[in-house]
Amino acid sequence: MVATELRPHRFTIVLSPNRSATWQQSKLLIFILGGVTLIIATIWTLLGVWLVLPFAGLEVSLLAYLTYRVSCYTYQKQIIEFTDNTISILAGRTKILPQLSFARDDCYLVIIEPEHEFDTTSLVLTDHQHSCHVGKFLNEQDISATRAALKKAGIRECPRQWWKH
């Protein structure tokens, strides 16, 4: 998701991944699927096939862990702030911390085209000393929106393989 905000002397772009489910919905999924799995495993255990129970517990534990990890990943955020002279990048999940700062005049955007059909375009803000990937977690439409917002903010673009263009 790409959101922009224009205030006097400050332009902000907020990037976050698309979230198909909230944490509450994810917990509901864990409880429903885990409950069904454990009920089935309990029935099999009562019928004498007790070896099913530890594997069902392992399955529910793995489902809960992976759902938690995916849900945590969807709450990350990257904020790009433009002032008159600087570009600041802040990132984080629960606590947004400064990542990098660039001089606005020296900064440009490197566009890395995908090498395979399943890859997405990568955007890298860079100057002569530092570089920072922007929106690694975005889908192709959001990358295009981010690229348009960065262009609107006055950032120059440069393809990674400029000699091919």
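Biologist: Is Glu157 buried, partly exposed or exposed?

Modeller: This is a predicted model. In it, Glu157 counts as partly exposed, at 28% relative accessibility.

Biologist: Which residue does Glu157 form a salt bridge with?

Modeller: With Arg147. The closest N and O atoms are 3.1 Å apart. Arg147 lies in helix α3 and Glu157 in strand β9, so the pair ties together parts that are 10 residues apart in sequence. Arg147 counts as partly exposed, at 30% relative accessibility.

Biologist: Why can side chains like that pair?

Modeller: Opposite charges can pair when the charged atoms come close.

Biologist: How many salt bridges does the structure hold?

Modeller: Three. Another is Arg10 with Glu81, where the closest N and O atoms are 2.9 Å apart. That pair links distant parts of the chain. Arg10 is in strand β2, Glu81 is in strand β3, and they are 71 residues apart. Arg10 is partly exposed at 29%, and Glu81 is partly exposed at 21%.

Biologist: And which residue does Arg7 form a salt bridge with?

Modeller: Glu5, with the closest N and O atoms 3.0 Å apart. Arg7 has a relative accessible area of 39%, so it is partly exposed. Glu5 is partly exposed too, at 38%.

Biologist: New topic, sheets. What is the strand order in the sheet of five?

Modeller: β1-β2-β3-β4-β5. The sheet is open and the pairing is antiparallel. β1 (2-7) and β5 (97-103) are the edge strands, and each pairs on one side only. From one strand to the next, the twist averages 15 degrees.

Biologist: How many bridges join β3 to β4?

Modeller: Six. β3 covers residues 77-82, β4 covers residues 86-92, and they run antiparallel. Phe82 stands opposite Ile87 in β4.

Biologist: Which helix lies across β1, β2 and β3?

Modeller: Helix α3, residues 140-152. It runs at about 170 degrees to β2.

Biologist: What about the sheet of four strands, in which order do they come?

Modeller: β8-β7-β6-β9. This sheet is open as well, with mixed pairing. β8 (131-134) and β9 (156-159) stand at the edges with a single partner strand each, so one side of each has no neighbour in the sheet. The twist averages 30 degrees from one strand to the next.

Biologist: Where is the pairing parallel, and where antiparallel?

Modeller: β6 (residues 108-112) and β9 pair in the parallel sense, over four bridges. There, Ile111 has Pro159 of β9 as its bridge partner. β7 (residues 122-126) and β8 pair in the antiparallel sense, also over four bridges. Thr126 has Ser131 of β8 as its bridge partner.

Biologist: How many residues sit between β7 and β8?

Modeller: Four, and the two strands form a hairpin.

Biologist: Which residues of β8 are on the covered face?

Modeller: Cys132 and Val134. Ser131 and His133 are on the uncovered face. In a regular strand, side chains alternate between the two faces of the sheet.

Biologist: Last one, where does His9 lie?

Modeller: In the loop between β1 and β2. His9 has a positive phi of about 65 degrees although it is not a glycine. His9 counts as exposed, at 61% relative accessibility.

Notes
Residues numbered from 1 in each chain as written. Predicted model: local features only at pLDDT ≥ 70, side-chain atom pairs only at ≥ 80, totals over all residues. Heavy atoms only, no water. Pairing = 2+ DSSP bridges. Axes fitted to C-alpha atoms, helices over the stretch in contact; angles between N-to-C directions. Contact = heavy atoms within 4.5 Å. Buried < 20%, exposed > 50% of the residue type's maximum accessible area, 1.4 Å probe, protein only. Salt bridge = Lys/Arg side-chain N within 4 Å of Asp/Glu carboxyl O.
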